[in-house]
Amino acid sequence: MEGCIGNCATCLKANFSLFKDLSESELTILDKGREKLFFDKGDFLYTEGAMPKGLLCLTEGKVKLIKSGKIENEFIVKLHKPVDFVGFDDLMGERNYTTSAIAVEDVALCLIKKEHLFKVIRNNPEFALKIIQNFSEQIENLKEKLLNLTQKQIEERLAFALNELIEFFGFEADGKTLAIKIKRREIAAIANMNTANVIRTLAKFKEEKIIDTVKKSILILDQNRLRSLL
């Protein structure tokens, strides 16, 4: 844990978050007692069942939210990148975390005290409405994603997961290797498949020269073909 240079009022990243329309005085309130936290790749930001201490504003790196599952070891609920709020729904629901958050690369984030966030919300109805609308959009997106996955065949589900990874992580410098080394069971969690089906379908995609694999690395050889499977 380290002190953060700057503050919420001067943070350029705030302009791309829900905070962008807050006044300088409101941002000053949020800044009181704010902490800057750092995590290495693979570290837990928090674990399922822990009590939120405040709002986690992701400023650098990427995070996955996981939930324990009966079939696979984990189910990836959501992926976060800057400038997302991590675990925001549990904080606002004033409940213990319903997921665990893991850094998929080195992470930096700001912890804003819960009481200061709630003070700004209580005094700014427009900000409160904006939060409600944001949650509504997230729920609608999740419903659409789940509906699409349940209606898709296995090949379409895997294509969906790979396209999600492309959009979220992008490529290495070669323009075709996914910028993340990912386990097959993690792909299975995103695609709502079991690991055995992921392995078989990846092998099929490899035979059809849509992708190639080198251990945990995945190379996208024909992105247009992959998108056509959606």
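Guide: Let us begin with isoleucine 218, which touches Leu162, Lys176, Thr177, Leu178, Ile182, Ile187, Ile211, Asp212 and Thr213, leaving aside residues up to four places away in sequence. Contact here means heavy atoms within 4.5 Å.

Visitor: What kind of model is this, and how are residues numbered?

Guide: This is a predicted model, in which local features need pLDDT of at least 70 and side-chain atom pairs count only at pLDDT 80 or more, whereas totals for chains, interfaces and linings use all residues. Residues are numbered from 1 along each chain as its sequence is written, and side-chain values use heavy atoms, with hydrogens and water left out.

Visitor: Which residues touch the most other members of the largest nonpolar core?

Guide: They are Leu158, Leu162, Leu165, Ile187, Ile211, Ile218 and Leu226, in a core of 30 residues. Two or more residues each come from strand E5 (75–80), helix H5 (154–169), H6, helix H7 (195–207) and strand E10 (217–220). The largest share, eight residues, is that of H5. A second, separate core has 22 residues, including Leu55, Leu91, Cys110 and Phe135.

Visitor: How do you define a core and the elements?

Guide: A nonpolar core is a set of buried Ala, Val, Leu, Ile, Met, Phe, Trp, Tyr and Cys residues joined through side-chain atoms within 4.5 Å. Buried means under 20% relative accessible area, exposed over 50%, and partly exposed in between (1.4 Å probe, protein chains only). Helices (H or I, at least four residues) and strands (E, at least two) are DSSP runs, numbered from the N terminus.

Visitor: How many helices and strands does the chain have, and what percentage of its residues count as buried?

Guide: The chain has eight helices and 10 strands, and 46% of its 230 residues count as buried. Along the principal axes, its C-alpha trace spans about 60 × 35 × 30 Å. Of the contacts with a separation of 6 or more, 70% join residues 24 or more positions apart.

Visitor: Which residues of helix H3 are buried?

Guide: In H3 (residues 114–123), His116, Leu117, Phe118, Val120 and Ile121 are buried. Their cover includes helix H1 (24–31), strand E3 (54–60), helix H2 (88–92), strand E8 (107–113) and helix H4 (125–151).

Visitor: Changing topic, how many salt bridges are there?

Guide: The structure holds 11, a salt bridge being a side-chain nitrogen of Lys or Arg within 4 Å of a carboxyl oxygen of Asp or Glu. One of them joins lysine 130 and aspartate 21 at 3.2 Å, N to O. This pair links distant parts of the chain, 109 residues apart, with lysine 130 in helix H4 and aspartate 21 in the segment before H1. Aspartate 21 is exposed, at 59% relative accessible area.

Visitor: And the pair of arginine 95 and aspartate 90: is each buried or exposed?

Guide: Their side chains meet at 2.7 Å, N to O. Arginine 95 is partly exposed, with a relative accessible area of 36%, whereas aspartate 90 is buried, at 1%.

Visitor: What about arginine 184?

Guide: Arginine 184 lies in helix H6 (residues 184–191). Arginine 184 is buried yet has no salt bridge, and the nearest side chain of opposite charge, glutamate 186, is 8.4 Å away. For charge, Lys and Arg count as positive and Asp and Glu as negative, while His and the chain ends are not counted. Beyond four places in sequence, arginine 184 touches Thr195, Val198, Ile199, Leu202, Thr213, Lys215 and Lys216.
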